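Here is a walk through one protein chain. Keep the sequence and the model side by side as you read.

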Amino acid sequence: MAIKEGFFIADCVEFMNGMDAGIVDLTVTSPPYDNLRHYEGYSFDFENIAKQLYRVTKQGGIVVWVVGDKINGGRTLTSFRQGLFFQEIGFQMHDVMIYQKKNTPFMRSNAYTNCYEFMFVLSKGKPNIFNPLKTRTARHGPEMLVHNKGPDGINKKVLKELKKEKTRTNIWQYAVGLGGTTKDRIAFQHPAVFPEKLAEDHILSWTNSGDLVFDPMCGSGTTGKMALKNNRKFIGVDISKEYITIAKKRIEGITTTLL
Ligand SMILES: C[S@@+](CC[C@H](N)C(=O)[O-])C[C@H]1O[C@@H](n2cnc3c(N)ncnc32)[C@H](O)[C@@H]1O
């Protein structure tokens, strides 16, 4: 059964069960971390979510799983267990990326302040698309650079052009809070919004215009908003009616050539 695009109130396992297999190009999602936040008592069935995500993902499609651990004495490492489970059911751990928060709200008295979460980039086989995002290089222009040693074993220098930009590293930094995460005040009625730019950067990296982007636990609708803004199709699901109301408000007024 094909499913319409937009935001839906549902348990995501039940919802995915009703989706056709192999239709999603990219999922960008973030689960409740170890019940770190209170989501009105909703249950979270990780293993079935992972299996359904594998089923609905297109061959060569990507799932970006943004996750942190509860600190309960020490770190729970639930994120690692989830990563290993994803591998067991067939995903490749294409990359383990870091989402670094420029401003860090949490402090620990006996450890350094945590400033990051993982972004597991899971692929179903070899990724279909990679549009690498670029960053400016500190120096560019012609420069004498060391050339590989020849048979005489002596390093030689040659004049080479240093490029103006290079592919970014896999640590992505974002400011968090109002103005950083988003300018939409209403989004902060949700307790755990991830930055719009984070969602957008993954959408641009792993999909092309017209592709289908999915978020099975969409909360305030960040992934959906950025998918729409970038002319991608999207499906967003959350078990909370309240959060879906927020998500729908956040996309009011966004124009796309797809709808
Ligand atoms: C970390 S939040 C996602 C926040 C989102 N990335 C954003 O930017 O607003 C996790 C979401 O999972 C939802 N959730 C928990 N269990 C769920 C389930 N079984 N099905 C669908 N959504 C669920 C919660 O209501 C919560 O909004």
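This is a predicted model: local features need pLDDT of at least 70, side-chain atom pairs count only at pLDDT 80 or more; totals for chains, interfaces and linings use all residues.

Six of its six residues are buried, so strand 14 is largely enclosed by the rest of the structure. The cover reaches both faces of strand 14. On one side sit Lys233, Ile235 and Val237, and on the other Phe234, Gly236 and Asp238. Every one of these residues is buried.

What flanks strand 14? Strand 1 is one partner, paired in the parallel sense over four bridges. Here Phe8 stands opposite Val237 of strand 14. Strand 13 (residues 212-215) is another partner of strand 14 (residues 233-238). The pairing of strand 13 with strand 14 is also parallel, over four bridges. In this pair, Val213 has Phe234 as its bridge partner in strand 14. In general, the strands of a sheet pair through backbone hydrogen bonds, in either the parallel or the antiparallel sense.

Eight strands build it, in the order 1-14-13-2-3-7-6-12. The sheet is open, and its pairing is mixed. Strand 1 (6-9) and strand 12 (171-174) stand at the edges. Each has a single partner strand, so one side of each is left without a neighbour in the sheet. Neighbouring strands are turned by 20° against each other on average, direction ignored.

Helices pack against these strands. Helix 6 (residues 241-250) packs on the sheet and touches strand 1 and strand 14. The direction of helix 6 makes about 165° with that of strand 1. Helix 2 (residues 46-56) lies across strand 2 (24-29) and strand 3 (57-67). Helix 2 runs at about 145° to strand 3.

Is helix 5 mostly covered or mostly uncovered? Helix 5 is mostly covered, with seven of its eight residues buried. Those buried residues are Thr222, Thr223, Gly224, Lys225, Met226, Ala227 and Leu228. They pack against strand 1, strand 2, strand 13 and strand 14, and also against helix 4 and helix 6.

Take the helix 4 contact next. The axes of helix 4 (residues 196-206) and helix 5 (residues 222-229) come within 9 Å. They cross at roughly 50°, which makes helix 4 oblique to helix 5. The crossing of helix 4 past helix 5 is right-handed. From helix 4, the contact uses Glu196, Ala199, Glu200 and Ile203. From helix 5, it uses Thr222, Thr223, Lys225, Met226 and Ala227. These contact residues divide into four nonpolar, two polar and three charged.

Follow the chain out of helix 5. Asn231 comes after the helix, with a positive phi near 60°. Asn231 lies in the loop between helix 5 and strand 14. Most residues other than glycine have a negative phi. Asn231 is not a glycine, yet its phi is positive. Asn231 is partly exposed, with 17 other C-beta atoms within 10 Å.

A second residue has a positive phi. Leu77 is not a glycine, and its phi is near 60°. Leu77 is found in the loop between strand 5 (74-75) and helix 3 (78-88). Is Leu77 buried or exposed? Leu77 counts as exposed because it has 12 C-beta neighbours inside 10 Å.

The protein chain comes to six helices and 14 strands. Its C-alpha atoms fill a box of roughly 70 × 50 × 40 Å along the principal axes. Of its 259 residues, 33% count as buried. Among contacts between residues at least 6 apart in sequence, 70% join residues at least 24 apart. The pairing of strand 1 (6-9) with strand 14 (residues 233-238) joins two such stretches of the sequence in the sheet.

Methods
Residues are numbered from 1 along each chain as its sequence is written. A residue is buried if 20 or more other C-beta atoms lie within 10 Å of its own, exposed if 12 or fewer, and partly exposed in between; C-beta atoms are placed from the backbone. Two residues are in contact if their C-beta atoms, placed from the backbone, lie within 7 Å. Axes are lines fitted to C-alpha atoms, for helices over the stretch in contact, and angles run from 0 to 180 degrees between N-to-C directions. Angles under 35 degrees count as roughly parallel, over 145 as roughly antiparallel, 65 to 115 as roughly perpendicular and the rest as oblique. A crossing is left-handed if the near helix is turned anticlockwise from the far one by less than a right angle, and right-handed if clockwise. Ala, Val, Leu, Ile, Met, Phe, Trp, Tyr, Cys and Pro count as nonpolar, Asp, Glu, Lys and Arg as charged, and the others, Gly among them, as polar. Two strands pair if DSSP finds at least two bridges between them.
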